[in-house]
Amino acid sequence: MNKKRLILLIVSLLLITGGVLAYSIYNKIYKPNTTRDGFVYIKTNSSLRDVENEIRPFLKRVKPFLWVAKRKKYQHAIKPGKYKITKGISNNDVINLLRTGQQTPIKVVFNNQHSIGKLAGRIAVQIEADSISILNAMLDNSFLNKNTFSEKSVLGMYVPNSYEFYWNTSAEQFRDRMLKEYHRFWSEKRTNSARQLKLTRTQVIALASVVQKETAKVSERPIVAGLYLNRFKRGWPLQADPTIIYALKEKYGQDFVVKRVLNKDLKIDSPYNTYIHKGVPPTLIAMPDISSIDAVLFSKKHNYLYMCASIDKIGYHEFANSLRQHNRNAKKYQRWISNKGIQR
């Protein structure tokens with residue numbers, strides 16, 4: 001073999017080797033490598049190994065992914081969040097998605113949580129922050145004092161609804177966003193209505209929580225709210241059984257079961273006892289939803305002053321203008337509930 005042919009052979013081999021190498025590199029970078037659609041959750045302060053463990057179930061081959069990640073220096077630009085992985089995309093596409101932080105927002109939903117602790121737990125299953133950090137942020141003294149909330153009243157700041165967040169939202173970011181949503185909820189129309197009722201926001205929400213616990217029927221809430229407001233305007237005690245149940249549970253524990261409020265319960269020593277104390281309870285007794293809040297702000301106008309659970313239309317109430325009519329309704333209900341064998 002002459003020198004010319006040898007050079008030609010070497011060049012050919014180099015070209016073939018280079019081509020194979022280039023093809024291999026191209027495949028590592030641009031060949032589809034994801035096997036299914038889904039979401040990966042990259043936690044705050046994750047390492048490349050952590051990301052690898054999260055994304056492994058979505059990849060045909062892991063090593064090419066890591067090779068591209070390191071070449072693009074992704075290990076120095078890891079951004080936490082929830083990311084949507086699409087079937088049939090390349091390692092390059094995946095890394096670009098993760099590097100740029102183009103995460104998918106989530107819907108955070110909550111309603112009718114009975115305590116701030118329960119709310120923290122409900123939120124913790126939807127975002128990255130754990131329940132302890134969320135609860136600590138919610139009850140931070142400086143935050144409460146700055147925004148004139150107490151540990152009991154702050155639950156009223158969280159208006160039940162569906163909100164869009166990023167999954168890696170911190171506890172403080174969640175809390176601060178909900179404060180903004182609270183102020184946004186209190187529109188000029190709602191604020192003016194509260195002013196006309198001579199109630200503060202805290203009082204409106206406290207009364208709404210009583211309405212919420214009094215009836216599960218949304219259509220009935222404006223009537224119930226109107227009744228309580230009639231009593232409030234007259235300076236009468238509200239005499240709301242849900243406040244007695246709340247006081248009993250505060251005294252005996254949340255597991256204390258109350259299926260029937262007894263006459264002796266009406267004497268319980270508690271600021272939430274609306275049979276003894278006039279006016280609205282000091283704070284909310286549970287989280288009211290928007291229908292209950294608006295039921296108070298835009299209640300139905302009527303002359304009802306008394307109500308009793310209905311035995312003819314279960315879940316609803318019998319309303320009365322006079323004590324005589326109310327006593328007839330109440331006796332009818334008490335006989336019915338006694339016949340059911342419900343003593344407590």
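Which residue stands opposite Lys84 in E2? I looked this up to start with, and Phe39 is the one opposite Lys84.

**Ground rules.** I am working from a predicted model, where local features need pLDDT of at least 70, side-chain atom pairs count only at pLDDT 80 or more, and totals for chains, interfaces and linings use all residues. Residues are numbered from 1 along each chain as its sequence is written, and side-chain values use heavy atoms, with hydrogens and water left out. My element names are DSSP runs numbered from the N terminus: helices are H or I of at least four residues, strands are E of at least two.

**Strands E1 and E2.** I find E1 and E2 running antiparallel, joined by 5 bridges (two strands pair if DSSP finds at least two bridges between them). For burial I use relative accessible area: buried is under 20%, exposed is over 50%, and partly exposed is in between, with a 1.4 Å probe and protein chains only.

**H2 against H3.** I checked how H2 packs on helix H3 (residues 62–71): the angle is about 145° and the axes are 11 Å apart. Those axes are lines fitted to C-alpha atoms, for helices over the stretch in contact, and the angles run from 0 to 180 degrees between N-to-C directions. Leu48, Glu52 and Ile55 in H2 meet Val62, Phe65, Leu66, Ala69 and Lys70 in H3; contact here means heavy atoms within 4.5 Å.

**Cores.** Next I looked at the nonpolar cores, which are sets of buried Ala, Val, Leu, Ile, Met, Phe, Trp, Tyr and Cys residues joined through side-chain atoms within 4.5 Å. The largest has 60 residues, and Leu119, Met157, Tyr158, Phe174 and Tyr228 have the most contacts inside it. Helix H10 (residues 201–214) gives the largest share of this core, 7 residues. A second, separate core has 22 residues, including Phe65 and Ala69. I also listed what Tyr158 touches beyond its neighbours within four places in sequence: among them are Phe110, Ile116, Leu119 and Met287.

**H5.** Ile116, Leu119, Ala120 and Ile123 are buried in H5. They lie on the same side of H5, because they cover an arc of only 100° around the axis (the arc is that of the directions from the helix axis to the C-beta atoms). The buried residues of H5 pack against E3, helix H6 (131–138) and helix H8 (171–185).

**Positive phi.** Most residues other than glycine have a negative phi. So I noted the exceptions. Asn45, in the loop between strand E1 (38–42) and helix H2 (48–55), has a positive phi of about 65°. Asn45 counts as exposed because its relative accessibility is 74%. Asn112 has a phi near 50° and lies in the loop between strand E3 (106–110) and helix H5 (116–124). At 29% relative accessible area, Asn112 is partly exposed. Lys198, which follows H9, has a positive phi near 60°.

**Asn303.** My last stop was Asn303, in the loop between helix H13 (290–297) and strand E5 (306–309). Beyond its neighbours within four places in sequence, Asn303 is in contact with Asn230 and Asn321.
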